[in-house]
Amino acid sequence: MNRFRIHYAKTEALRYTGNLDMQKVWERTLRRARLPIAYSQGFHPQARLQQACPLPLGLLSRCEVLDFWLECDATPEEVRSALEPALPPGITLLQIETIPLNAPALQTQGESALYHILLLDPFPPEELLRRCQDCLSAISLPRQRRDKQYDLRPLILELFPLPQSTAQAPRLHLRLTAREGATGRPDEVLLALGLDPSAARIERVELHFREETP
Amino acid sequence: MSLSATEIQARLERILPRVAKPGRYVGGEQNQVTKDWEAIPTRVALAFPDIYDIGLPNLGLAILYQALNARPDVLAERVYLPWVDMEAFLRQERIPLFSLETRHAVADFDILGITLPYETLYTNTLNLLDLAGLPLRSAERDERHPLVIAGGHAAYNPEPMANFIDAFVIGEGEEVLHEIVDVYSEWKAQSGSRPALLRSLARLPGLYIPSFYTPHYTADGRIERIERLHPDAPAQVTKRVVAQLPPPPTRFIVPSIEVVHNRVSVEIMRGCTRGCRFCHAGFVNRPVRERPVSQIVSAIETALQQTGFEEIALLSLSSSDYTNILELVDAVSAIEGQHLVISLPSLRIESFSVELMEKLRGARQGGFTLAPEAATERMRQIINKPIQTEQLLETARAIYSRGWQTIKLYFMIGHPSETLEDVRAIANLCKQVIAEGRRILGHRAALHAGVSTFVPKPHTPFQWVPCDTTEQIQAKQQLLRNELRGPGLKMTWTSPAETMLEAWLSRGDRRLGQVIELAWRNGARFDAWQDQFNPHAWQTAFEQTGLDPDFYTHRMRGEDEIFPWDVISPGVRKSYLLEEYHNSQCQQTRPDCREQCFACGILPTFSSLRRANPGPLWKCPEVGTPRATTEVQP
């Protein structure tokens, strides 16, 4: 058995496919590629696939990471050439590597995530900057999600308008924590900024993991 | 004027984050076919009038989608209904219904093909036309609008939807589909009028153009006669059949979100020779044609390669009757693939079925389903499904002892002349079955009885009989609920109000179109969804039109009555259906017609087709030279 780590971009066609469904999308992609996926034991065998840091529905990403296990010996290049023709619209392969079987689970390794946000409606640049600064200077940003009260402020690491941001196409740089149990949601930040998350195109552009030597 | 594809896309981006399961509205799945809109002369929208989750796995549309897109001169794109949350946004933001592939407004297509597999999609169909910005009634549309075509099992009685559909395709679409597109392209090249197009279509065998016929009624509401308004319209439209099933589709669209069936579906056989008298599919899908084992196996292999699906369904009306079923099951179970789940529904009640299922059993297993439909010998003779109780019990023993813990039994209440004793027998039979289970498996044994209510269908031997009243149904269901209690027993049933809806729509006439339209205006839609079904909207619609639902549901029809659907011929003669109805009344059964021909009418109707395709292609036994040959109406 071998463990592979794949870096990929999630583009428009899979924007509204959630994490659970992405699991199926990958399983079927591997099946089309005729790669022998490792399945869990038991009555309902599940394909062994692990995604890092779930991406909220409706977001695009340039930096998704997935681990999968194959019941065969193959080089990353061989896996890549089997996968390429089997990929569905909405996935662009960036990189494949082999990783040790005992490497820690991806879900436990997330540290932070960087998002670029394009607002679909024009917005005055000074006002956008002011709101970002207000947000950052707040001691706490109490918010409620699914009937649970939490503080959004400590989850925000960086927030400012991107240099190329204009009044016509306002853009934000947003870095949020992405640790297990402490993951910020970009739509929540937009709400805290008084902006409508459904009038925004959000893309995850970087994922940072805890550096650990195996 | 309708919105452009780009404008629709831009407006959608702001709505999608606010609706449930936005993945329903974006397309872009593996195996979707997208062509250059500007470069293709004939553009067809294929619609399933329910949400994506239900419509995507529909095999009929998959066949048409692949066949149309295989032509270089045609593009076919998919359209489904939005769920209620999305509908509200579309209306509020004035976004017309659009195709998933290129987001073009439905109104911009040349042809809108709608599949109508069952009647409870009728109000959805009106909603679909309305969301597309099209006038509901065919008479109010012209050459500026797409040609609206409907087909599918419900189209065998086209009359309730006759006001809204320009042309119905009766029977199998595989061949006639191409003829329709050819007629359309020729007409479009000449920039003809809508009536000219309809006249050309009327000349195609299998096409019913409702505007070329006018029904006349007697004072009490029965059909007096059906007047033909155009010489090109045939007196009776005979369904289309393909002589030989073409290779099945393999490039299934792989949904990127969860839908009702996520699998490769292969139709192994079309039609059924058993002749169960309640069964619409059994009478309208004759003759029986099978696909060869090798073709099925190679289709599955290709489809698995193209989709990556982990499940295969082998579909037919009666799998056990497939000639080489053992060979097929062996070949399919030998197909390579990790953790493949293979389903084989519609098995006969015999222990051989258990052996078949055992060969197919993958790592996962659910319950084992059988459909005895009735529990007394008398009832089984009436419906012509003669199975022995002892055989059912023996099969149940085999199922429980080979590792299945749950048996699912399908029954129907409301068969003609059914008494409370016949219904009580259903409960008793279930108790006998669970007793076998408990003897073998102890408390782990389970039995699930699915009890639906019989609705008389057009073109069957029971098209004359009344449907049970709501009170009768309630009494029977109450009896079963009282009797079917105990450990391991579970029962599900259909609400009588939903049965009534299906009953009046199934045998409705053209006047019922007003009721459907008013019910939709009163808020009825998604009638097949328990949580959306709105009986009040229908009741009000009947009151508004002055029509009586009981006239359609509970009336015993006369043997010489002209039915609204008599203008359609499924190839089976009405006199044969009547003969079968008489047989049912004297509890006379008829065996499998693979063994012996009972002259239902299929062979004379399609005699030239049969002559060109002799031998075992059709499962009809050889009957010698037909005396008189009636050609299919040109």
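Glu186(B) and Ala189(B) are exposed on one side of helix 6 of chain B. The buried residues of this helix are Gly173(B), Val176(B), Leu177(B), Ile180(B), Val181(B), Tyr184(B) and Trp187(B). An α-helix has 3.6 residues a turn, so residues three or four places apart point the same way.

The length of helix 6 of chain B was also checked. The helix covers residues 173-189, which is 17 residues. At 1.5 Å a residue it should span 24 Å, and its end C-alpha atoms are 24 Å apart, so the two values agree. The expected span is 1.5 Å times one less than the number of residues. Ser191(B) follows the helix, with a positive phi near 45°.

These details come from a predicted model. The model has an ipTM of 0.94 and a pTM of 0.96. For chain B the mean pLDDT is 95, and 97% of the residues reach 70 or more.

Chain B is divided into two parts. Domain 1 of chain B covers 5-238, and domain 2 of chain B covers 263-360 + 570-634. Taken over C-alpha atoms, their centres are separated by 29 Å. The contact between them involves 7 residues of domain 1 of chain B and 13 residues of domain 2 of chain B. On the domain 1 side, 4 residues are nonpolar and 3 are polar. No charged residues occur on that side.

One loop residue of chain B was examined individually. Ile268(B) sits in the loop between strand 10 (264-267) and strand 11 (269-270) of chain B. Ile268(B) counts as buried because it has 24 C-beta neighbours inside 10 Å, and the cut-off for a buried residue is 20 or more. Beyond its neighbours within four places in sequence, Ile268(B) is in contact with Glu290(B), Arg291(B), Ile296(B), Leu314(B), Leu315(B), Ser316(B), Tyr322(B) and Leu328(B). Ala599(B) is 331 residues from Ile268(B) in sequence. The C-alpha atoms of Ile268(B) and Ala599(B) are 25 Å apart in space.

The interface between the chains was then considered. In it, 23 residues of chain B are in contact with 23 residues of chain A. Helix 1 (5-15) and helix 9 (293-307) of chain B each supply at least two residues of the chain B side. By class, that side has 8 nonpolar, 9 polar and 6 charged residues.

Chain A has 214 residues, of which 33% count as buried. Its secondary structure comes to 4 helices and 11 strands. Along the principal axes, the C-alpha atoms of chain A fill a box of roughly 55 × 35 × 30 Å. Among the contacts in chain A with a separation of 6 or more, 73% join residues 24 or more positions apart.

Chain A is divided into domain 1 (2-103) and domain 2 (110-209). The C-alpha centres of these domains of chain A lie 28 Å apart. Their contact takes 10 residues from domain 1 of chain A and 12 residues from domain 2 of chain A. The domain 1 side of this contact in chain A has 8 nonpolar, 1 polar and 1 charged residues.

Conventions
Residues are numbered from 1 along each chain as its sequence is written. Chains are lettered from A and ligands numbered from 1 in the order in which they are written. This is a predicted model: local features need pLDDT of at least 70, side-chain atom pairs count only at pLDDT 80 or more; totals for chains, interfaces and linings use all residues. pLDDT is the predictor's confidence in each residue, from 0 to 100. A residue is buried if 20 or more other C-beta atoms lie within 10 Å of its own, exposed if 12 or fewer, and partly exposed in between; C-beta atoms are placed from the backbone. Two residues are in contact if their C-beta atoms, placed from the backbone, lie within 7 Å. Ala, Val, Leu, Ile, Met, Phe, Trp, Tyr, Cys and Pro count as nonpolar, Asp, Glu, Lys and Arg as charged, and the others, Gly among them, as polar. Domain bounds come from an automatic or database domain assignment.
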